[in-house]
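Me: Could you help me look through this model a piece at a time? I'd like to start with the rings and then move on to a helix.

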Amino acid sequence: MRFLATAVAASLALSGAWLGAVEARSVSGDRVLVLVPKVEAATLYSQFLASLSSRGFAISVRAATNTSVALLVDGVRAYDHAVVLSPESKKLGANLSVRDFVSFVDDGGNLIVAASSELSELSRKLAARFGVEYEKRGTAAIDHVAHLRATNDTSDHTLVAAIPSRTAAPVLSKHLDHARHSPVYFKGIAHKYESNNPMLMPVLTGSRTTYSAAIGANANEGTSSVAPLSGKAVGLVSVFQTRNNAR
């Protein structure tokens with residue numbers, strides 16, 4: 001049984017490493033920048049960070065508010081990979097902009113961005129540059145059929161069973177082989193993905209009974225005239241590969 005929360009796994013996962021898909025070290029370099037709300041929050045991702053460390057990556061954990069953090073210094077990449085695990089931050093590092101992240105990827109850097117139901121505008125704009133549109137603030141993926149079932153009446157219908165995309169097999173770890181292993185359970189915000197974008201590929205989606213809707217206090221805002229995002233159109237984790245092979 002495996003869990004994938006959007007604060008833990010990116011809906012915009014631009015590298016298979018986040019899902020354990022990368023079994024070896026990267027050919028683009030070993031320097032990894034990890035941005036978290038506070039340095040202490042890195043303990044929430046200890047398994048992921050330990051996995052990277054065991055494969056020889058040099059990890060630098062920095063608070064998202066650390067103004068000394070820069071992706072490029074004098075036009076040269078300061079890191080080979082950037083992992084943004086602070087989805088609610090309105091500012092990152094030395095006032096990094098969406099353009100800074102795009103330039104980083106254009107220069108061959110790999111990027112992983114996590115999401116949450118309280119996603120900041122900066123994170124939304126960054127995702128949009130790679131063909132991903134997140135659902136409204138305060139929403140989550142919901143499934144009344146394919147969800148983690150508890151032994152009592154407290155089953156969480158927002159802990160949905162994610163479906164690995166068949167087209168994503170080359171970037172998925174053997175540990176995510178849906179046919180041989182138990183499902184990956186996802187909890188968090190969903191997104192739309194540009195299905196006609198040849199460089200964008202969904203890795204995990206909802207099942208045919210999954211949909212996106214407001215949760216908690218936001219659930220009382222009334223129904224919308226727009227049909228909800230549903231079925232396999234519910235993106236949970238997506239990957240994007242640029243023409244220079246950055247992800």
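**Rings, a helix and a strand**

Reply: Gladly, and keep in mind that this is a predicted model. A place to begin is F130 and F240, both of which are buried.

Me: How many aromatic pairs are there?

Reply: The count comes to one aromatic pair. The ring centres of F130 and F240 are 5.3 Å apart and their planes stand at 75°, so the pair is edge-to-face, given that an angle over 60 degrees counts as such.

Me: And which parts does the pair tie together?

Reply: F130 sits in the loop between α3 (121–128) and β9 (132–134), while F240 belongs to strand β17 (residues 235–240), so the pair ties together parts that are 110 residues apart in sequence.

Me: OK, new topic: which residues of helix α2 are buried?

Reply: In α2, which covers residues 98–106, the buried residues are V98, F101, V102, F104 and V105. Looking down the axis of α2, these buried residues fall within an arc of 155°, so they line one face of the helix.

Me: What does the face turned away carry, and what covers the buried residues?

Reply: The face of α2 turned away from the buried side carries the exposed residues R99 and D106. The cover over the buried residues of α2 includes β5 (72–73), β6 (76–77), β7 (81–84), β8 (110–113) and α3.

Me: Last one, is T205 buried or exposed?

Reply: T205, which lies in strand β15 (residues 200–205), is buried, with a relative accessible area of 5%. Leaving aside residues up to four places away in sequence, T205 touches A162, I163, Y193, K232, V234 and L236.

Methods. Residues are numbered from 1 along each chain as its sequence is written. This is a predicted model: local features need pLDDT of at least 70, side-chain atom pairs count only at pLDDT 80 or more; totals for chains, interfaces and linings use all residues. Side-chain values use heavy atoms; hydrogens and water are left out. Rings of Phe, Tyr and Trp (its six-membered ring) pair if their centres lie within 6.5 Å; planes under 30 degrees apart count as stacked, over 60 as edge-to-face and the rest as tilted. Helices (H or I, at least four residues) and strands (E, at least two) are DSSP runs, numbered from the N terminus. Buried means under 20% relative accessible area, exposed over 50%, partly exposed in between (1.4 Å probe, protein chains only). The arc is that of the directions from the helix axis to the C-beta atoms. Contact means heavy atoms within 4.5 Å.
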